[in-house]
Amino acid sequence: MKLIEYPDRELLFLSLANDIAAQLADAVRQHGRASFSVPGGTTPGPVFDTLSGTELPWDQIAVFLNDERWVSEDSPRSNTRLLRERLLRGPAHRAHLVPLYAPAEAPEEMLEALSDGIRPHLPISVLLLGMGADMHTASLFPGADRLAQALAPDAPVLMALRAEAAGEPRITLTARVLCDAMNIHILITGAEKRAALERARHLSAEQAPIRAVLDNATVHWAE
Ligand SMILES: O=C(O)[C@H](O)[C@@H](O)[C@H](O)[C@H](O)COP(=O)(O)O
C-alpha cells in the first residue's frame, strides 16, 4: 500500500483528479478505450467536479459505480444520481454510463443483466474507492450476509448484499473485480477513517473488507 498525505482536502481532490485523468488518458492511448469505476457517498463530489470539466476522450471511457443502493434514481440516496449531477456533465457528459441499477423490486432480479453490461469493460482501468469508518468499501460491509462469497476468488462480477449498516439492499462489484483493476485509488478524509485504515491493515478481509484491495492501492488522505 502507498499512502499519500495531503496538507488539505482541496489539494487532495485536485491532485487525485489529475492523477486519475492522466491514467484514463494513458489507458485510452494504449487500448483505444478505458473504464473508470467510482464510489458514491459524500466524499468524492469535489473530485468529480474537477474531472467533469477535464478534456479527455470521454466518448471512449465507460463509467460505472463500485456499488449502488437499491433505490430509484429520484432518491437522494441514489449514487447514480450523484454521478449524473457531479461527474457526467461538461466534457464528461460524453462518457458511457454503464448502469448498476434497473427498476426492480430486488437487486437479485437484475444481477445477470447488469453483470452483462459490466463484463466487457473489465478489467477496470482506473478504480476509485471510498471507505467507511467501519472499514467497508464498495458495498462490502463487515457482517454482510454474503460477504464471504463476495470476497472469494471465484466470485461473480456483481453480487447483491444486505447488511444492517447499509440501510437498503446493495449491489456491488466483488473483491476480485476490484483487485483486478489496473490502478487502484482509495480516497479518505478525516482522523476517524485514517485510524480505521491503520486498524484494517492488521485485520482479515472478513473483519475489514477494505483489506482485500489495500496491497496494490494508493491511499489518498487529508485531515
Ligand atoms: O454507496 C456507498 O455508500 C459507497 O459507494 C460506499 O462504499 C462509500 O464509498 C463509503 O460508504 C464512504 O462513504 P462516504 O464518502 O459518504 O463516507
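Q: What makes a stretch of chain a helix or a strand here?
A: Helices are DSSP runs of H or I with at least four residues, strands are DSSP runs of E with at least two, and both are numbered from the N terminus. The model is predicted. In these terms, Pro123 sits in the loop between helix H4 (111-118) and strand E6 (126-129).

Q: What makes the bond between Leu122 and Pro123 stand out?
A: Most peptide bonds are trans. The bond joining Leu122 and Pro123 is cis, with omega about -5 degrees.

Q: How do you know how far to trust the coordinates of the chain?
A: Where pLDDT is low, the predicted coordinates should not be read in detail. The average over the chain is 98, and 100% of the residues score at least 70. For the complex, the predictor reports an ipTM of 0.97 and a pTM of 0.98.

Q: What makes phi of Met135 and phi of Ala138 worth a remark?
A: Most residues other than glycine have a negative phi. Phi of Met135 is positive, near 75 degrees, and phi of Ala138 is also positive, near 45 degrees. Met135 lies in the loop between E6 and helix H5 (147-151), and Ala138 is likewise placed in the loop between E6 and H5.

Q: How do you know whether Met135 and Ala138 are buried or exposed?
A: The cut-off for buried is 20 or more other C-beta atoms within 10 Å. Met135 has 21, so Met135 is buried. Ala138 has 30 and therefore counts as buried.

Q: How do you know where the buried residues of helix H7 sit around the axis?
A: The buried residues in H7 (residues 191-200) include Lys193, Leu197 and Ala200. They cover an arc of only 65 degrees around the axis, so they lie on the same side of H7. The face turned away from that buried side carries the exposed residues Ala191, Glu192, Ala195 and Glu198. On the buried side, the packing partners are strand E9 (183-189), helix H8 (211-214) and strand E10 (217-222).

Q: What makes up the shell around the ligand?
A: The ligand is surrounded by 15 residues, of which the closest are Pro39, Gly41, Thr42, Thr43 and Gly130. By class, the shell holds 3 nonpolar, 10 polar and 2 charged residues.

Q: Which residues does the UniProt domain annotation cover?
A: The unreviewed UniProt entry annotates residues 8-221 as "domain: Glucosamine/galactosamine-6-phosphate isomerase". Over residues 8-221, the chain is 33% helix and 18% strand, with the end C-alpha atoms 9 Å apart.

How values were computed:
Residues numbered from 1 in each chain as written. Predicted model: local features only at pLDDT ≥ 70, side-chain atom pairs only at ≥ 80, totals over all residues. Near = placed C-beta within 6 Å. Nonpolar A, V, L, I, M, F, W, Y, C, P; charged D, E, K, R; others polar. UniProt positions renumbered as here; feature names shortened; annotations may be inferred. Buried ≥ 20, exposed ≤ 12 C-beta atoms within 10 Å, placed from the backbone. Arc of directions from axis to C-beta. Contact = placed C-beta atoms within 7 Å. pLDDT = per-residue confidence, 0-100.
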